[in-house]
Every structure is written in structure tokens, then in C-alpha cells.
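Thanks for coming. Please look at the sequence and the model on the screen, and I will talk through a few parts of it.

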Amino acid sequence: MSESTWGFETRAIHVGQEPDEATGAITVPIHLATTFVQPAPGQHRGYEYSRTSNPTRAALERAVAGLEGAAHGFAFASGMAAEDALVGLLHPGDHVVLGSDAYGGTFRLIAGIYGERGIEWSAVDLTDAGALAGALRPETRQVWMETPTNPMLAVADVGAVADAAHAVGATVVVDNTFATPYLQNPLALGADVAVHSSTKYLGGHSDVLGGFVAVNEDELAERLAFVQNAAGAVPSPFDCYLLLRGIKTLGVRMDRHCNNARAVAEFLDGHPAVDRVLYPGLPDHPGHGVAARQMRDFGGMVSFILRGGEAAAVAAVCSTKVFLLAESLGAVESLIEQPATMTHLSVADSPLAVDPGLIRLSVGIETIDDLLADLDQALS
Ligand code: P1T
């Protein structure tokens, strides 16, 4: 029996997390050392300096790469640091296509920082094959996609986007933060890169920032290893430990997130105050069929629009008691937010602008009856 035949939960608990060889410790030690003794100059035992590589970080990198079925994994200090390592590979004149529905920070990075340095970008609806075909150019180097998207929960076909992007020689990056490797593996679907904000479901407890890049191609991995070391946006060993600890329960947490989110989406769908529910698990969601094919379940995020528009949305997000009003997502506690003024404020007046009447829920793993009762009182 080998690691490659193990199921997801077994890999989540054991890959990269073997008992410590020196002591038998059952959890990965937090190696705080910044430097490692060398028997002779240049002859290190695998580790020389912790920015370059660190045993606790190496364990995390093996663990998440294993969950994504990737040959190589790189841990970063935040999701944005992971994204920056990838966009930083581009040169002036290169072109990027990104989804017109994406995390505001991704747009801010590509348009606000790299746009100023001569990187060109187009934002298109990646669920529309014609729109994607129209946006791709010979100089397109990267296509950035989220599926499901943040915050509209649109679902794009990874294989179809990859085929179109590869035809012009572009690399396809899938931000797999919402789905997690438990529900979706972008590399197996045809993408070149899976990127994560590990701050979310991988950590799972709202207590650690992190980012991750998983790839198969050796040459791309070499460039990323160079950037990770040269730019140095690496997570601390303690943060790596917290992520390793979170990952062990990813499967059971995701099962509960998905079941609770499905129940919340169905409850909202039948509620008289609600105009529209966005959840890929609902059979009438436009991406339901694609999601059912490329995901194992539909995730823990639900967005919706109230009939009363923005004023009703503000009143509702201020009225819940179990759902806490805060940015971020993917942790055990349920969160509610208004993307237009919070997580997606940086895309106001851009092609990614969000309806101010939209409410986004990160459905946690609390008792479902309490979550439904909380929403019911907030909407009445
Ligand atoms: O926050 P950080 O770990 O740097 O990750 C950035 C990021 C990247 N990709 C997606 C899909 C994300 O949702 C995020 C961060 N998102 C939020 C903080 C949020 O509340 O949507």
C-alpha cells in the first residue's frame, strides 16, 4: 500500500506528517531554527536557511501537494503572496485574462500593481466560451479563474477554459480556495496551477494566514522555488504547523460545510424576502451541471440578493447573531458580509463591481437549526 493509493482523509492525516524520525513525535515538530549547521561549506543536510526551506514548511508543502495530486507545492505567507509569486513571472507586454467575477484582491494585484508595470489584462465572464475566445491573444500568458467564483458562485468548466487557453500557449491558474482539494482538483481537470488562500478552509479556524501554489510541471516549479526563496514571502513554521493541523480535519469539516450550505440555500430559496439565491448545488443554478461533473460536492459558500435591495441587505447583515459580520470565509464559524462594501470594495468602478444588494455567507459547521433560525429572524 502506497501514498498514491490512499484516500483523501488518509492522505490529509499522513502525507508529509509521518512521525518525526529523531523522536517519534506523532505531530510535525515546529522547527523555529532560521539556519542549519553544515558539516562542510555548501554541504547541507537538506536544509541551510529557513527562507529557502524549512522542515515544518516542507511537511506542509508535501501535504497540500499530495491533496492536490501535484508533483510540487509551495507555501506562502498569504493567498495574495502566492498569487504575487505567479503574476510576478510575467513581463511587460504580457497579457492576462481574469474572470469578471473574482476576489477583489486578485483584481487589485493584477490591475493595480502589475497593470502599472506594463502587464495588460482583460476581465471576462469565463462561463462564456465566446467571451473567453474573444479575449485571448497571442501574448496571453496566464488565464486566472475561480470556480466557484467569489462572490457570485459562478461555475466555469476548467477543462474547456484550459483547452482554449492552451491553444494560445497560456498557463491556466485555478484559484481553488472555495472548493478546496477535497471537492475539486484543478490539475486533474486540465489546469496548470492550483492556487489557494490557505487562510480559508485549509486552515479552517480563522487563526492563520497562508497561501499555496501546486503545479506538476518541473520547469514552472523551479521558477516558483526561485521566486519563493528570492522574494521570501514565506509562512512562519508556527503558521505551517497550524495549517498542517487544520488539514487533518479538512474532509470532515467540508462534509458539514456542504450539508449546512445546502440546507441554508434551500431555506433561502423558499423565503419570501429573498429574490435570488446563488449556490451551485441548487438544480436551477446555471453552473449546476458543470459543478456536478467537476466537483465532489458544492461547497460551503452561499450568496443571495434580497427583494429589498441594498437597504435590506445592510439591515440583514447587522441582524444575525450566529452568523458574524466579518470578511474572510472557510472557517468553522459562520460569517455574513456585504461584498460591495467589504471584500470587494477594491473592485468598485471596475468590470468586477458587485451589486450592493448582494449578501455572502460562509456557512460554518454549527448546528443547522441554529443557523436557519438565525437567518429567519434576521430576514423577518
Ligand atoms: O487573504 P489571503 O490569504 O491573502 O487570500 C486572498 C484570496 C485569494 N483568493 C480568494 C478566492 C480569496 O477569497 C482570497 C481572500 N478572500 C477574502 C478575504 C474574502 O473574504 O473573500
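Which residue in β9 does Arg276 stand opposite? It is Ile305. Before I go on, note that this is a predicted model.

That pair belongs to β8 and β9, and I will stay with those two strands for a moment. β9 covers residues 301–306, and β8 pairs with β9 in the antiparallel sense, over four bridges. In general, the strands of a sheet pair through backbone hydrogen bonds, either parallel or antiparallel. The two strands are part of an open sheet of five, and the order across that sheet is β8-β9-β12-β11-β10, with mixed pairing. At the edges stand β8, residues 274–278, and β10, residues 324–325. Each of these has a single partner strand, so one side of each has no neighbour in the sheet.

Now the helices on this sheet. Helix α11, residues 250–269, lies across β8, β9 and β12, and runs at about 15 degrees to β9. Helix α13, residues 309–317, also packs on the sheet, where α13 touches β9, β10, β11 and β12. The direction of α13 makes about 130 degrees with that of β9.

Next, the other sheet on the slide. In what order do its seven strands come? The order is β1-β7-β6-β5-β4-β2-β3, in an open sheet with mixed pairing. Here β1, residues 72–76, and β3, residues 120–124, stand at the edges; each has a single partner strand, so one side of each is left without a neighbour in the sheet. From one strand to the next, the twist averages 20 degrees.

Inside this sheet, β2, residues 95–99, and β4, residues 140–146, pair in the parallel sense over four bridges. Leu98 stands opposite Trp144 in β4. Two helices to point out here are α2 and α9. Helix α2, residues 55–68, lies across β1, β6 and β7, at about 125 degrees to β1. Helix α9, residues 218–231, touches β1, β6 and β7 as well, and its direction makes about 20 degrees with that of β1.

Thr147 and Pro148 are joined by a cis peptide bond, with omega about -5 degrees. The bond from Asn150 to Pro151 is cis too, with omega near 15 degrees. Pro148 lies in the loop between β4 and α6, and Pro151 is found in that loop as well. For context, most peptide bonds are trans, and most residues other than glycine have a negative phi.

Ser328 sits in the loop between β10 and β11.

Ser328 also takes us to the ligand. Which of the 18 residues around the ligand come nearest? They are Asp175, Ser197, Thr199, Ser328 and Arg360. For Ser328, a backbone N or O atom lies 2.8 Å from an oxygen atom of the ligand. Gly79 has a backbone N or O atom 2.9 Å from a ligand oxygen atom. With Asp175, a polar side-chain atom lies 2.6 Å from a nitrogen atom of the ligand. The ligand taken alone exposes 470 Å², and the protein buries 93% of that.

As for the shell itself, helix α3, residues 79–87, gives the largest share, three residues. By type, the shell divides into three nonpolar, nine polar and six charged residues.

Methods
Residues numbered from 1 in each chain as written. Predicted model: local features only at pLDDT ≥ 70, side-chain atom pairs only at ≥ 80, totals over all residues. Heavy atoms only, no water. Near = heavy atom within 4 Å. Polar contact = N/O pair within 3.5 Å; in protein donor to acceptor, adjacent residues only side chain to side chain. Areas by Shrake-Rupley, 256 points an atom, 1.4 Å probe, with all protein chains shown as cover. Nonpolar A, V, L, I, M, F, W, Y, C, P; charged D, E, K, R; others polar. Pairing = 2+ DSSP bridges. Contact = heavy atoms within 4.5 Å. Axes fitted to C-alpha atoms, helices over the stretch in contact; angles between N-to-C directions.
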